[in-house]
Structure formats: structure tokens, C-alpha cells
Amino acid sequence: MSSTNTRQIFVVTNRKRNEDGYLAATRNSEMTFLDTTVSIPPNHVTGDAPQFHARPDPQKHFVIAKETLIPTLPDFARAVSGSLSGTRRQDREVTVFVHGFYNTYQDSLFRIAQLQNDFDMPGTVVNFGWTSAGSPLGYAHDRESALYSRDDLERTLRALTKSKSDRLLLVGHSLGTFLITETLRQIELKEPGWTARNIGALALISPDMPVDLFLRNLEPVKSLPKSTVILTSTEDNALRLSSRINRSSQRLGQLTNPDVLADLPVIVFDVSEFSESNSSNHMTFAESPALISLLRDARNFEELLAPDDPNFLLRQAERVRVSNEAIAIQVSGPSGGS
């Protein structure tokens with residue numbers, strides 16, 4: 001891999017800058033819009049978590065190589081549209097990534113750059129950087145920040161539907177999935193059917209929310225995107241801790257039985273067998289080279305997630321369970337399991 005390997009990431013964030021100029025953990029009533037270039041080190045290995053440093057070495061660390069401020073949300077949407085000019089029709093995707101708990105700004109930015117690189121994602125990527133404290137003791141702060149960010153995410157999604165993309169894809173991780181479902185709920189209460197009309201695919205990765213809250217949030221949603229998947233793992237140690245903190249028996253990201261989601265047209269994709277003993281297994285999707293290789297074989301994101309014709313996932317399945325509308329798929333990990 002060349003030392004000049006870079007990725008363009010558009011950013012929307014409601015973080016305030018601190019006195020040193022860094023986007024920090026203080027919530028801002030105004031959004032900031034950025035066009036960033038992230039440099040990926042030449043020794044990066046697929047699945048390795050991004051390494052960064054206050055005094056980065058581009059040969060070893062992920063680095064913000066360039067950052068351009070965009071004045072307004074309409075200007076931002078036009079810049080995203082411009083980035084798609086000249087691309088093939090099948091690549092005109094805009095993927096909005098909503099990060100999870102315990103993320104600094106750099107955590108979220110470099111993680112989506114890693115995903116874009118390792119999965120060779122088509123189209124344009126937008127990082128929605130809500131104000132996580134980036135602290136293991138900041139769960140209450142982060143949950144409040146997610147609620148604080150609903151209007152900002154709604155405004156962002158509505159603006160991006162006016163871009164030149166053929167598909168708007170929404171990807172959330174951990175507590176970011178709570179923010180997504182809260183936001184879709186409030187949109188649907190105002191404009192029923194908006195989600196299915198405007199979101200081409202929805203992926204909820206290791207969702208950190210109780211199953212009953214997930215179902216309640218989706219009650220106003222008249223129809224989910226035709227491509228909706230929930231990535232789960234019974235080996236997710238971060239969700240085990242969240243269950244204890246919240247006194248909840250099970251988080252959505254630990255679910256393997258599709259019966260409770262039977263009325264929803266979703267795929268529950270169980271990646272438990274890709275877990276590793278020395279990992280929290282909360283980001284298996286991004287950190288298992290074997291799983292990345294498997295998922296990257298899909299021609300595009302939409303093919304991977306299409307629940308009305310889940311041929312790609314079914315070809316990889318060790319077990320398949322159907323419960324009315326919901327499909328649960330488990331795939332074998334390396335060497336048949338962990």
C-alpha cells in the first residue's frame with residue numbers, strides 16, 4: 001500500500017472546538033461541516049484498529065492530512081453532490097456513519113476511514129460526529145448527547161436526500177443506533193413513510209439499546225428500508241457490560257432469535273463465531289479480517305443487505321432461521337468457529 005493512500009471523509013459534527021482548536025467533548029448548538037482527507041499509513045493491515053497520536057508519524061498513524069471548513073448545511077450537501085460527479089451510476093452512494101459510545105472525534109473519523117479503506121466502499125462517506133465524551137465513565141453523558149443530536153441528524157439526512165446520490169445508506173454502531181432510531185421516529189411522526197422513501201439501506205452494528213425500546217421507536221415507521229440488517233454477537237463484552245449498567249437482560253446487539261422481530265423485514269446477522277478471546281468483540285465487523293473478506297465479496301452494500309433476496313448472505317450461512325418477516329443468519333468463523 002502506498003504511503004499516499006488517502007480517503008475523503010465529509011464530516012458533520014456538533015462538537016465544540018476547545019482552546020487548542022480540537023473538536024472536543026462539549027456539545028455545540030451549531031453544527032460544523034468539514035471536508036477532510038485522512039491519510040492511512042502504508043503498514044495498515046486489514047482489520048487493524050486505526051492507530052493515531054498527538055504527534056503522528058504518517059508512516060505509522062492515521063492522520064488528518066487536510067481539513068476544509070464548509071460554511072453551511074446547503075453548501076455541505078452541494079459538496080457531497082459534487083464528490084459524486086463523474087462516478088459510475090452504481091457507485092453513487094452516500095453512506096452516513098453514526099459512531100457509538102466512548103468515541104473521540106478522531107476515533108470516529110479514523111474508524112470510518114478504516115472501514116472505507118478495508119471494505120473498499122463505493123461512493124461518498126459522511127461521518128456524523130455527535131458529542132461522545134470519549135470516556136469509559138461517560139455513558140450517561142453519551143446517552144444525553146445522542147438525544148441532543150436528534151435534530152442535527154434529521155437536518156443532515158434531509159439535506160443529503162437532495163444530493164445526486166442514487167442511494168442514501170445509514171450505518172450506525174453501538175449507541176449510534178439508538179440515535180438513529182430516535183431520529184427516524186421523530187421524522188416519521190412528522191412525515192409518515194419518509195424512511196422507506198429516502199433511506200436505501202440501514203445497518204445497525206452491535207446496537208446498544210434494549211429490544212423493547214427498539215420496537216417502540218420503530219412503531220411510527222410505516223416501512224423500513226428494503227435493505228435492513230442488524231449485526232449481532234453473543235460474545236460482545238461491551239454489550240454485556242451495558243446490560244449490567246442499564247439493568248437490561250439483553251441488548252439488541254446480543255439478539256440471535258428473530259422471533260421478537262418477526263413483524264419486521266430485517267436480517268439478523270450473527271457474527272459471534274468471528275469473536276476473539278483478546279477483544280471486546282464490540283467492533284468485530286471492522287476488526288475481523290476474515291469477516292471483512294467475506295462481506296467485501298458482495299458487489300455493493302445494497303446487495304449485501306437486501307432482505308428480499310438475501311442470496312449473498314445465504315451462501316455464507318451455517319444456520320438460517322426464519323420468523324415471519326425476520327431472517328436470522330449465522331455464519332461460520334475462521335476454521336468453523338471461534
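Leave aside the neighbours within four places in sequence, and A328 is in contact with T256, P258, V268, R319, V320 and R321. A328 has its place in strand β11, and in this predicted model the residue is buried, with a relative accessible area of 8%. One of those contacts, V268, sits 60 residues away along the chain, yet the C-alpha atoms of A328 and V268 are separated by 4.5 Å. From that starting point, here is a tour of the rest.

**The chain as a whole**

- How many helices and strands does the protein chain have? The count comes to 12 helices and 11 strands.
- The radius of gyration of the protein chain is 19 Å, which agrees with the value near 20 Å that a compact globule of 338 residues would have.
- If you want a box to picture, the C-alpha atoms fill one of roughly 50 × 45 × 45 Å, taken along the principal axes.
- Buried residues account for 55% of the 338 residues in the protein chain.
- Take the contacts between residues at least 6 apart in sequence: 75% of these join residues at least 24 apart.
- The accessible surface of the protein chain is about 14,600 Å², and 46% of this belongs to carbon and sulfur atoms.

- Strand β11 covers residues 326–331, and its partner is strand β10, residues 317–323.
- In which sense do β10 and β11 pair? They run antiparallel, over six bridges.
- One place to look is S323, whose bridge partner in β11 is A326.
- Together β10 and β11 make a hairpin, with two residues between them.
- N324 is in the turn of this hairpin, and has a positive phi of about 55 degrees.

- Strand β8 takes in residues 227–232, and six of its six residues are buried, so β8 is largely enclosed by the rest of the structure.
- As background, side chains in a regular strand alternate between the two faces of the sheet.
- Which residues of β8 are on each side? S227, V229 and L231 are on one side, with T228, I230 and T232 on the other.
- Strand β7, residues 201–205, pairs with β8 in the parallel sense over five bridges.
- To find the two strands side by side, look for A203, which stands opposite V229 in β8.

**Aromatic rings**

- How many aromatic pairs turn up in a search of the whole structure? There are seven.
- In one of them, F10 and F76 have ring centres 5.8 Å apart and planes at 90 degrees; planes over 60 degrees apart count as edge-to-face, so that is what this pair is.
- F10 belongs to strand β1 (residues 6–17) and F76 to helix α1 (residues 73–84), so the pair ties together parts that are 66 residues apart in sequence.
- Are F10 and F76 buried or exposed? Both are buried.
- The rings of F101 and Y102 also have centres 5.8 Å apart, but here the planes are at 45 degrees, so the pair is tilted.
- F101 counts as partly exposed at 21% relative accessibility, and Y102 is partly exposed too, with a relative accessible area of 44%.
- Back with F10 and F76, those two form one aromatic cluster along with F33.

**Charges over rings**

- R27 lies over the face of Y148, at 5.5 Å from the ring centre.
- What sits over the ring of F178? The charged end of R143 does, 4.5 Å from the ring's centre.

**Two serines with positive phi**

- S174 is not a glycine, but has a positive phi of about 60 degrees.
- Look for S174 in the loop between β6 (167–173) and α5 (175–190), where the residue is buried with a relative accessible area of 2%.
- S206 is not a glycine either, and its phi is positive at about 50 degrees.
- Where is S206? Its place is in the loop between β7 and α7 (211–218).
- S206 counts as buried, at 8% relative accessibility.

Methods: Residues are numbered from 1 along each chain as its sequence is written. This is a predicted model: local features need pLDDT of at least 70, side-chain atom pairs count only at pLDDT 80 or more; totals for chains, interfaces and linings use all residues. Side-chain values use heavy atoms; hydrogens and water are left out. Rings of Phe, Tyr and Trp (its six-membered ring) pair if their centres lie within 6.5 Å; planes under 30 degrees apart count as stacked, over 60 as edge-to-face and the rest as tilted. Helices (H or I, at least four residues) and strands (E, at least two) are DSSP runs, numbered from the N terminus. Buried means under 20% relative accessible area, exposed over 50%, partly exposed in between (1.4 Å probe, protein chains only). A charge sits over a ring if NZ of Lys or CZ of Arg is within 6 Å of the ring centre and within 35 degrees of the ring normal. The radius of gyration is taken over C-alpha atoms; the globule rule is 2.2 Å times the number of residues to the power 0.38. Contact means heavy atoms within 4.5 Å. Accessible areas come from the Shrake-Rupley method with a 1.4 Å probe; for residues, only the protein chains shown count as cover. Two strands pair if DSSP finds at least two bridges between them.
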